[in-house]
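Dear colleague,

My notes on what was found in it follow directly after it.

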Amino acid sequence: MHMTRRRVAVAGASGYAGGELLRLLLDHPEVEIGALTGASNAGQPLGALQPHLVPLADRVLEPTDVETLAGHDVVFLALPHGQSGAIAEALSERDPSVVVVDCGADFRLSDAGAWTAFYGGEHAGTWPYGLPELPGQRERLRGTTRVAVPGCYPTVSTLTLAPAVAAGLVRPEVVVVAASGTSGAGKAAKPHLLGSEIMGNASAYGVGGTHRHTPEIVQNLSPLAGGEVAVSFTPLLVPMARGILATCSAPLADPGLSGEQAHEVYAAAYADEPFVHVLPPGQWPQTQSVMGSNAVHVQVTVDPAAGRLVAVGAVDNLAKGTAGAAVQCMNLALGLDEGLGLTTVGVAP
């Protein structure tokens, strides 16, 4: 028996995450796209802001309020950090059964102190974390009505390091240097993201443990290690629109570990994961291979002279890094096939 298609609303439809969500949802066989909202862009046709979304070009953006978003089976919140809490609470009061998927950071962190330190303001709470590939997490997401979609850097960093940390291949002191494209900074105009500032330029930011995604990476890896994992995270901004390439390393627990042994551990850890692809030995991830897809490409080796494990991961920050993860989690929450509306096929070159 064919079930009725679920009505979904997207708050923040004019932004990069909202646009990517709609691109994926247009290909989803079980959903019908309902209200599209945008705060400052309310009243404008979507086609003026997201011209690539041709089937939705004539849809007019509505205000982001509870009245507009109520009455849907699923509501995606692709809003600035700190804005999801109040809307989610009001939606729950109106309809406790609505599935709310937050693409922002409001409900990712379990430690209220970490929220205050890195984001400021009052912590809205903690929802089931939308990374099904973490141990036990898929079960928590099945049938839930609340999902906190992970940050893009934590997604790729966690998945690139998780098998090594969980298997005890490394000591709990990891270094992550991750290069990201400009869409990770959002669509709002910012002087440092002007074309003339970005083209032909690479820069570091959030250096010295100050980036907001640092506590999220710590939160993900520490349970796998059975204790606190120290994370040194440095993000880089590079001149491309999409993608993250994360180079992750940690000191070996056993100096005799070989690259082949490490690769076997990774291959076994992700053997049944539909969206994590461990590349054959010697082949290294590149961002164009995952662009537009929900796939994560991972490779691992050992640097024997330095006594370190080195793993590299690539992800599309807007797809598996945000919108793809949101759809993947929606599928689990609704009891659908986890991969519906998603692909592992990238767009290259």
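The lining of the second largest pocket divides into seven nonpolar, five polar and two charged residues, where Ala, Val, Leu, Ile, Met, Phe, Trp, Tyr, Cys and Pro count as nonpolar, Asp, Glu, Lys and Arg as charged, and the others, Gly among them, as polar. Please bear in mind that this is a predicted model, in which local features need pLDDT of at least 70 and side-chain atom pairs count only at pLDDT 80 or more, while totals for chains, interfaces and linings use all residues. Residues are numbered from 1 along each chain as its sequence is written, and side-chain values use heavy atoms, with hydrogens and water left out.

Of the 14 residues that line this second largest pocket, Leu134, Gln137, Arg140, Gln219 and Pro223 lie nearest its centre. A pocket here is an open set of points on a 1 Å grid over the protein atoms alone, where a 1.4 Å probe fits, with protein on both sides within 12 Å along at least five of seven lines, and lining residues have an atom within 4 Å of a point. Two or more lining residues come from each of α6 (137-141) and α9 (214-225), and α9 gives the most, with four residues; helices (H or I, at least four residues) and strands (E, at least two) are DSSP runs, numbered from the N terminus.

Helix α6 also holds Leu141, which counts as buried because its relative accessibility is 0%, buried meaning under 20% relative accessible area with a 1.4 Å probe and protein chains only. Leaving aside residues up to four places away in sequence, Leu141 touches Pro128, Tyr129, Gly130, Leu131, Pro132, Val147, Cys329, Leu332 and Ala333, a contact being heavy atoms within 4.5 Å.

The largest nonpolar core has 41 residues, and Leu221, Val231, Tyr266 and Leu309 have the most contacts inside it; such a core is a set of buried Ala, Val, Leu, Ile, Met, Phe, Trp, Tyr and Cys residues joined through side-chain atoms within 4.5 Å. Its largest share, eight residues, comes from helix α7 (residues 152-166), whereas a second, separate core of 34 residues includes Leu25, Phe76, Val99 and Ala326.

Finally, seven strands form an open sheet of mixed pairing, in the order β7-β8-β6-β9-β12-β11-β10, where two strands pair if DSSP finds at least two bridges between them. Within this sheet, strands β9 (residues 244-251) and β12 (residues 308-315) run antiparallel and are joined by eight bridges.

With best wishes

Note on methods. Buried means under 20% relative accessible area, exposed over 50%, partly exposed in between (1.4 Å probe, protein chains only).
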